[in-house]
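Let us walk through this structure step by step. Keep the sequence and the 3D view side by side.

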Amino acid sequence: MATETPTLESLQASLDAQQAIFNMHQAMNVEVFYWWCTAIMVMIHAGFLAYEMGASRSKNALAAGVKNILALAVIIPTFYLFGWWIYNAFPGGIIPAEAASALPWSQSMGPDVQDMGTGIFWAAFALFGATTGSIMSGAVIERIRVSAFLILTVILGSGVWILAGAWGWHPDGWMLTELGYHDVGASGVVHAIAGFFTLGVLINLGPRVGKFINGVPQQIRAHNLPMTLIGLMMIIFGFFGFLGGCIIFNGGETGWTTIYNNPTNLSAFAFNTLMGFAGGVIGCYIATRDPFWTMSGGLVGIISVAAGLDLYDPGLAFIIATCVSFIAVGAAKLLEKKGIDDAVGAVAVHGVTGVVAVILVGVFAGGTPNVGGNPAISLYGQTVCAIVMAVLGFVPGYFVSYLLKKFNMLRVPENVEVLGLDEVEILTHPYPETVPAKSSAPTNVGDLEAKGA
Amino acid sequence: MGTSITTWDNVSAYFTFADNPLALMLFSLGVAGIVVGLIRFIMKHEKEAFENHK
């Protein structure tokens, strides 16, 4: 049987076909990677849900949960409407650039079978936005109106953070091109923004009834601390999706890069994520010996090293996380002394830690070159950018909540707060059988006999 | 009604009314309307609930 001798043209055609298949598989790998990052990030919201429901008193447990669920549900469509456009239109500052393909009526913002990138990147960013909005959620529990919270969380989760993202987390962002900003794990663009936005809201919202008596802070106990601890652990799980989504999976010869285009990989992220987590837990335990803070220390630790996740020696990350824990705990105490009632320490855990994390990249990684002719990382650049993040977060949080307060739309009435939001607004109870079961439960043999047992 | 293709050959962006920017803009307005409507609905519910517990 005669075989056909391959020609140069037929070999080239075969090679091109193989290359096309390879390219398609690379694009699919990118999709698969971000698909699972997005799925894992949903666990952050399950964690926030459990965390805040447990941290509330039982009379507000369901209200805290409903608030969380709705936050996720409103940030996703609003991020679709304008968040993605903000990211693409504002890397240069406050003058929008052309970004018509990111508008919601663009054909690329739909199930385009030729585009294996836009939808999956949008999804990951939408979940980053939802996380940012949810950071505020725990701080304001038990006294904010759900409607006011949703307005604020849309502004934060689909507006403010992504503007910060365009400035400091975009390959053309002005913070990178002019100041060499480095924040791979979003310590600044997510956590500092959310923390300082929350501070602005808390100033106008005021403390819970009974939190301060004659100016002395009182401890309002979580009704289910074990649920809160589990919730925090779920957030840590979700962080692996979050940080995975912060890396760029290019495929092909380029492989992994950061959002700033410098080379990195998941291996580098793995070392410092875990070392940061461990250092944060240990630091917060030593600083407080409080279970709530010990677990929150995991968040503090990861956030404290997230900005330089690709650059730190793991030992250094561990030490940074341990030390920053003391700063976060100190900041929480200071805020409480100043009359700020932050129910879960969000301002300290996310805001203060985020700002410190950004500055520390300038301290420990200053001089590291950026690619594409952008300035090197510097302490000056990181400090300026950290201040920008804090201000950019605080100003809209303060002014929008101030306006809501002026129109009496921010806070629930005092009698409602005393009764509990579940009783008044949710119209159901998290543990409806607890009280009657307890009051009718026989306590001794006489009771049992009387009940015919 | 609604589909803009008759064959899957060489299809790229295929979704309902993908060839009609006006329709897509109206859908976007619909999305915004549902979000705003939700918040207004919650405001109304809060007002009534708070008044019932005065």
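How many aromatic pairs does the structure hold over all chains? There are 25. Rings of Phe, Tyr and Trp (its six-membered ring) pair if their centres lie within 6.5 Å; planes under 30 degrees apart are stacked, over 60 edge-to-face, and the rest tilted. Tyr398(A) and Phe399(A) form an edge-to-face pair, with 5.3 Å centre to centre and 85° between the planes.

This is a predicted model: local features need pLDDT of at least 70, side-chain atom pairs count only at pLDDT 80 or more, and totals for chains, interfaces and linings use all residues. Residues are numbered from 1 along each chain as its sequence is written, chains are lettered from A in the order in which they are written, and side-chain values use heavy atoms, without hydrogens and water. The model scores ipTM 0.92 and pTM 0.92.

Stay with the pair. Tyr398(A) is partly exposed, at 23% relative accessibility. Phe399(A) is partly exposed too, at 49%. Here buried means under 20% relative accessible area, exposed over 50%, and partly exposed in between (1.4 Å probe, protein chains only).

Phe407(A) is exposed, at 60%. Phe407(A) lies in the loop between helix H12 (379–406) and helix H13 (414–419) of chain A.

Now look elsewhere in chain A. One aromatic cluster includes Trp84(A), Tyr87(A), Phe125(A) and Trp161(A).

Technical notes: Helices (H or I, at least four residues) and strands (E, at least two) are DSSP runs, numbered from the N terminus.
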